[in-house]
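Q: Hi! Could you walk me through this structure? I'd like to start with how the chains meet.
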Number of protein chains: 2
Amino acid sequence: MKLAILGAGSVGRAVAQLSEAHGHSVIALADSRNAIVDSRGVNVNEALEHKMNQIPLGDSSLEDVFECEYEVLIEATPTTLESAEPAFSHIKQALEADRHVVLANKGPVAERFEDLQVIADESKGDLRFEATVGGGIPIMSTIEDIGPRNIESVKGILNGTSNFILTRMAAKNLSYGHVLAEAQELGVAEADPTFDVGGIDTALKCVIIANVLSGGGFSLSDAKIEGIQHISNHALNLSDSYDLTIRLVGEVAQGEINVAPTLVSKMSDLSVGGTQNIIQIQTAHAGVLTLAGAGAGGGPTASAIFLDLQRLKRDYV
Amino acid sequence: MKLAILGAGSVGRAVAQLSEAHGHSVIALADSRNAIVDSRGVNVNEALEHKMNQIPLGDSSLEDVFECEYEVLIEATPTTLESAEPAFSHIKQALEADRHVVLANKGPVAERFEDLQVIADESKGDLRFEATVGGGIPIMSTIEDIGPRNIESVKGILNGTSNFILTRMAAKNLSYGHVLAEAQELGVAEADPTFDVGGIDTALKCVIIANVLSGGGFSLSDAKIEGIQHISNHALNLSDSYDLTIRLVGEVAQGEINVAPTLVSKMSDLSVGGTQNIIQIQTAHAGVLTLAGAGAGGGPTASAIFLDLQRLKRDYV
């Protein structure tokens, strides 16, 4: 399919670089300042090398991107919460032009799900957002295939940064502050880590799941959220002596969203280590279905986007 | 969708009973002797009660089933290997009438994959077989969505009976023969357990995966197979002292299919307990994706069939 990619951060770059190998053609690529549009296919490597050397991607504008003959808009810009902009406006513009949209961006589907539904319902284009939850793990597609009404609850570990910190604190008996500093050096945690360690990222993902399970109605303000900032080595050591450990678990059950540090058995699936993500789907007729894998990173997130494209193809070819 | 169900064993019965709740209508149901056909919808509970009381399901024949206005044939008959009959003929007849087919039956896709592909390619109907591998775990759909060429290898535990036996032998230090007898009493193992404990069931599932990854070319004779019949308590105890355990692992990698008892870390995902199944998909760009859940049973297998129906709907509505 012909792709227009908005955003040239790690996700946008990975999608651009892997598109050809997945049978797609990038005909537009934009960062926050410039864009390159080429109906015969953008020279992705050249454009990204320009960007790396602080040279503009190309001499086109965002308006030019929306005017080109793209079939699918890949929305991977950095987006603020609450307003969900600029992603929301980009999605709206593409859907109103009857194009498909694949999101890598939690804001719009967490904070403005119902607004998006209205716009998507009136469009011939489809809106997909596998990449917003659990990186390379096909959580949203699996929920879609099983069918929301056959799902009783969902819980999981959906933030790699928090999980990395908890895993390493427990394994090496290192303090929260120490491991956070390490994670920041490794690029696993942001300079301001609140979004991850405070549970907000996990909560947003749970809000998206809740919206899909219930057909909308949830936003971040509906989630009860507790982060991992106050987990002590004492608590981890005590857990350990009972073969337990602590994980930041997000749960969607009976119309409620809870994110909190939780005791889990070290033998249980939920005790995944490092930056792994895991989700457990309690189904009506097939017991608990568990999915685990890489929850973040350019490659895994791009893979989720290609999975969405594959499903669009199944629907529309 | 309007379903015709062939086979009234645990899977056929579960599909029939759960169809209405999933938005489908059963218009034909057949066991090996009789059938009931009703274009307004079969009274499933009544028919199954008849069967339980040794009364014929209805007064129709298999020919009547194929003449009714079904949209999807659910093939859940017991089928012999190699010839893959009678399932193969049923599938052929339905596809040649441009109907969809959903399989619960490993034989045809393991032993006659290429023959089926030819028939399916000429049909307006689609052939799906999620339920043949891993019960309620959406393994085949996930492979389809990721795309075979983005998958490097697949390995997993795909036979609940063997896994139940190994888990219990290790946990209670009981002999293979003792636990096998228990499993037979519980209905977890067949009277002749060779198909499960000898690794044949696992191998068939691996053959199906290999066929999908490579577009065909594999049958059971291509698999190297070793079962669990000779695993001793001594071997399990020795493993245990190194924090390892033994699992019957099937693997598809580089065009080869191997099924054998394998040492796995007790902390690894592969050390699932009881009748659980698990699969690890090594992807090109998203690391290892792990799926785990109920690998057998009426409910989980029926759920896989409904998942296929859901995907047919996405394709054709």
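A: Happy to! One term before we start: contact means heavy atoms within 4.5 Å. Also keep in mind that this is a predicted model.

Q: How can chain B be laid on chain A?
A: By a turn of 180° with a shift of 0.0 Å along the axis, giving an RMSD of 0.0 Å. That is the relation of a two-fold axis. The same surface serves both copies, too: 100% of the contact residues of chain B recur in chain A.

Q: Nice. Switching to the inside: which residues touch the most other members of the largest nonpolar core?
A: Ile139(A), Ile165(A), Ile209(A) and Ile165(B), in a core of 139 residues. Helix 11 of chain A, residues 200-214, gives the most to this core, with 9 residues.

Q: What is Ile165(A) in contact with, leaving aside its neighbours within four places in sequence?
A: Its partners are Tyr176(A), Val179(A), Leu180(A), Ala183(A), Val197(A) and Ile228(A).

Q: Now aromatics. How many aromatic pairs are there over all chains?
A: A search of the whole structure finds 4. One of them joins Phe66(A) and Tyr70(A) edge-to-face, with 6.4 Å centre to centre and 75° between the planes.

Q: Are Phe66(A) and Tyr70(A) buried or exposed?
A: Phe66(A) is buried, and Tyr70(A) is as well. Over in chain B, Phe113(B) and Phe129(B) also form an edge-to-face pair, 6.4 Å centre to centre with 85° between the planes.

Q: What does the Phe113(B) and Phe129(B) pair tie together?
A: Phe113(B) lies in helix 6 (residues 113-121) of chain B, and Phe129(B) in the loop between strand 6 (127-128) and helix 7 (139-146), so the pair ties together parts that are 16 residues apart in sequence. Both Phe113(B) and Phe129(B) are buried.

Q: Last one: which ring does the charged end of Arg112(B) sit over?
A: The ring of Phe88(B), at 3.6 Å from its centre. The charged end of Arg99(B) sits over the Tyr70(B) ring, 4.5 Å from the centre.

Conventions: Residues are numbered from 1 along each chain as its sequence is written. Chains are lettered from A and ligands numbered from 1 in the order in which they are written. This is a predicted model: local features need pLDDT of at least 70, side-chain atom pairs count only at pLDDT 80 or more; totals for chains, interfaces and linings use all residues. Side-chain values use heavy atoms; hydrogens and water are left out. Rings of Phe, Tyr and Trp (its six-membered ring) pair if their centres lie within 6.5 Å; planes under 30 degrees apart count as stacked, over 60 as edge-to-face and the rest as tilted. Buried means under 20% relative accessible area, exposed over 50%, partly exposed in between (1.4 Å probe, protein chains only). Helices (H or I, at least four residues) and strands (E, at least two) are DSSP runs, numbered from the N terminus. A charge sits over a ring if NZ of Lys or CZ of Arg is within 6 Å of the ring centre and within 35 degrees of the ring normal. Copies are superposed by least squares on the C-alpha atoms of residues with pLDDT of at least 70 in both. A nonpolar core is a set of buried Ala, Val, Leu, Ile, Met, Phe, Trp, Tyr and Cys residues joined through side-chain atoms within 4.5 Å.
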